[in-house]
Amino acid sequence: MKFKTSHKTITSYFSDDSGYRPSTHTGIDWVIGYGKPVTTDNAGVIGHVDLNGSNGWRAVWVLVPYNGAFMEVCYGHLKDIFVEVGQYVLEDETVGTEGNFGLVYRGGVQITPAMRKLGSKAGSHVHEQYRPVRLVKRKTKGKHYRPYKFEGQYVEIIIENNRRGCIDPLQFKTNPRDILMEALKKEFEAVKKGKKDTSTLRILWKVVLKLFK
Ligand SMILES: [Zn+2]
């Protein structure tokens, strides 16, 4: 799993406790500039797109093959979204643009909706988070699924290089099997119509075989 930082300014880390709110931050916030293209750091399949979330939670979830399963990489608070569910995205492919949403403090001051209404872009950022997709057999409504020691709403996990991600057992957005099959179908149709070569199709097929053998 890659996480490219050279073009980003990180403004908030996982579980950051700035003193203004409890440490419930479930991802990493970073800034490249309002309206600038948000690109993927890893190739994958779009698993979920949220266009109408509350508080500007417009987000894209990319399923990235990881350790024989999938990691769900989410890019949130986007202004524009250019991808759809089932689409295969390459590394460095643009999925959307940086938006001006979410709860943000700058220099100890909250960027309020009123400030944004007046044109402030000081709260512009992208929220990126990682979550392993687990194929759970049983979903219990209203109860926490507890695969790990639980401390609050989210479970912190260490991914690699000490990068920190989370599991939010109540909100699994994607069923990787369905999404992959949908992606395969789309890719197959594109190849059939002569719109694409078979390279992506072959990669996808390999992922499917590896994951569901
Ligand atoms: Zn965030």
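With 13 C-beta neighbours inside 10 Å, Asp 92 counts as partly exposed. In this predicted model, Asp 92 sits in the loop between S8 and S9. For context, most residues other than glycine have a negative phi.

His 77 does something along those lines too, with a positive phi of about 65° although it is not a glycine. Its place is in the loop between S6 and S7. Is His 77 buried or exposed? His 77 has 26 other C-beta atoms within 10 Å, and 20 or more is enough to count, so His 77 is buried.

## The chain overall

Stepping back, the chain has three helices and 14 strands. Of its 213 residues, 29% count as buried. Take the contacts with a separation of 6 or more: residues 24 or more positions apart account for 60% of them.

## A three-strand sheet

Now for the strands around those loops. S3, S9 and S7 make an open sheet, in the order S3-S9-S7, and the pairing is antiparallel. Which strands stand at the edges? They are strand S3 (37-39) and strand S7 (78-81); each has a single partner strand, so one side of each is left without a neighbour in the sheet. On average, and ignoring direction, neighbouring strands of this sheet are turned by 40° against each other.

Looking at one pair in detail, S7 and strand S9 (residues 94-98) run antiparallel and are joined by two bridges. Leu 78 has Glu 98 in S9 as its bridge partner.

## The largest nonpolar core

In soluble globular proteins, nonpolar side chains tend to be buried together. Here, the largest nonpolar core holds 26 residues, and the members touching the most others are Val 45, Ala 59, Val 60, Val 62, Leu 63 and Tyr 75. S5 gives the largest share, six residues.

So where does this core lie relative to the domains? Both domain 1 (9-137 + 144-173) and domain 2 (177-212) give residues to the core, so it lies between them.

Terms used. Residues numbered from 1 in each chain as written. Predicted model: local features only at pLDDT ≥ 70, side-chain atom pairs only at ≥ 80, totals over all residues. Helix = DSSP H or I, 4+ residues; strand = E, 2+ residues; numbered from the N terminus. Buried ≥ 20, exposed ≤ 12 C-beta atoms within 10 Å, placed from the backbone. Contact = placed C-beta atoms within 7 Å. Core = buried A, V, L, I, M, F, W, Y, C linked by C-beta atoms within 7 Å. Domains from an automatic or database assignment. Pairing = 2+ DSSP bridges. Axes fitted to C-alpha atoms, helices over the stretch in contact; angles between N-to-C directions.
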